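This report concerns the fold of one protein chain. Please consult the sequence and the structure shown here.

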Amino acid sequence: MRDRAGAVTAICCALALAVLVVVLGLANPPRPTPIATDRLGPDNGEAVADYLDRAASSVAGSDTDQHWALVSLGPEATVDQAYRLAGGVRISQVLFQVPIERVQTQLIVVDVPADEAAVRRSPLVAAGRLQGSAGEWDRQARIDAVSAGRLADGCACVVGMTVRGDLAQLRALASKPGVRAVEALPADAVHGRFAVVPLLPEHVEVVRPGPDDGEVPAR
């Protein structure tokens, strides 16, 4: 009898647990998965004209929601010039790449809060990220050392920005001299769940890596 009573108790507990799970599920329905993408920017091998068309299409429309967007500059700008270009649109990331003829340098993405001073300090942050290899003597370390020095000096090395604004603001930004493209994500995209790869000034016809056989300057 005890075994039978225990079995009945176990069954009742299991049913109660099942009912509780159902009730909690009804009270807390699953939220829709936000739209996300793993990339903003042109694909390797993509024709520049095709990417420009794709970027322009992404900011068309009349909704007034806020969108994350990638701004690709050309030519490279100083951080002050980039900040003025944004014209009050929220800057979330500053993208740096030091131009050295026929030398491949690193793309550095610096996150910044909604603060002008933080944006203006971002070149020093980018420079600091490259100084860890300054004691080595291989080619990449020498490239990084030169790049760090130029960034610390405030070079015209901003190649892009990640910003947040409505479509009208993004279209206005895209029309400014010095801005090559603005590509927006859907309004419910989540910051931190996409990568950014700007259209570089050196990309004229097709997006592909440039040569890396040039002399590394001393400074």
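The text below treats the overall makeup, the sheet, the helices and the nonpolar cores in turn.

This is a predicted model, in which local features need pLDDT of at least 70 and side-chain atom pairs count only at pLDDT 80 or more, while totals for chains, interfaces and linings use all residues. Residues are numbered from 1 along each chain as its sequence is written, and side-chain values use heavy atoms, with hydrogens and water left out.

**Overall makeup**

The protein contains six helices and seven strands; these are DSSP runs numbered from the N terminus, helices being H or I of at least four residues and strands E of at least two. Their order from the N terminus is α-β-α-β-α-β-β-α-α-β-α-β-β. Of the 219 residues, 36% are buried, where buried means under 20% relative accessible area, exposed over 50% and partly exposed in between, with a 1.4 Å probe and protein chains only. Among contacts (heavy atoms within 4.5 Å) between residues at least 6 apart in sequence, 80% join residues at least 24 apart.

**The sheet**

Five strands form an open sheet in the order β4-β3-β5-β2-β6, with antiparallel pairing; two strands pair if DSSP finds at least two bridges between them. Its edge strands, β4 and β6, each pair on one side only. On average, neighbouring strands are turned by 20° against each other, direction ignored. Axes are lines fitted to C-alpha atoms, for helices over the stretch in contact, and angles run from 0 to 180 degrees between N-to-C directions.

Strand β3 (residues 90-96) is joined to β4 by four bridges. Leu-95 has Val-109 of β4 as its bridge partner, and Gln-93 stands opposite Asp-111 in β4. In a regular strand the side chains alternate between the two faces of the sheet. In β4, Ile-108 and Val-110 make up the covered face, whereas Val-109 and Asp-111 make up the uncovered one.

**Helices on the sheet**

| Helix | Residues | Strands touched or crossed | Angle |
|---|---|---|---|
| α3 | 79-86 | β2, β3, β5 and β6 | about 135° with β2 |

The axes of α3 and α4 come within 9 Å and cross at roughly 145°. This crossing is right-handed, a term for the near helix being turned clockwise from the far one by less than a right angle. Val-79, Asp-80 and Tyr-83 of α3 meet Glu-116, Val-119, Arg-120, Ser-122 and Pro-123 of α4. These residues divide into four nonpolar, one polar and three charged; Ala, Val, Leu, Ile, Met, Phe, Trp, Tyr, Cys and Pro count as nonpolar, Asp, Glu, Lys and Arg as charged, and the others, Gly among them, as polar.

**Nonpolar cores**

A nonpolar core is a set of buried Ala, Val, Leu, Ile, Met, Phe, Trp, Tyr and Cys residues joined through side-chain atoms within 4.5 Å. The largest has 38 residues, of which Leu-73, Phe-96, Leu-151 and Val-163 touch the most other members. A second, separate core of 16 residues includes Ala-181, Ala-189, Val-196 and Leu-199.

Leaving aside neighbours within four places in sequence, the contacts of Val-163 include His-67, Trp-68, Ile-91 and Leu-170. Leu-170 lies in helix α6 (residues 167-174) and is buried, with a relative accessible area of 0%. Residues touching Leu-170, beyond those up to four places away in sequence, include Val-59, Ala-69, Val-163 and Val-182. Leu-170 and Val-182 are 12 residues apart in sequence and 6.8 Å apart in space, C-alpha to C-alpha.
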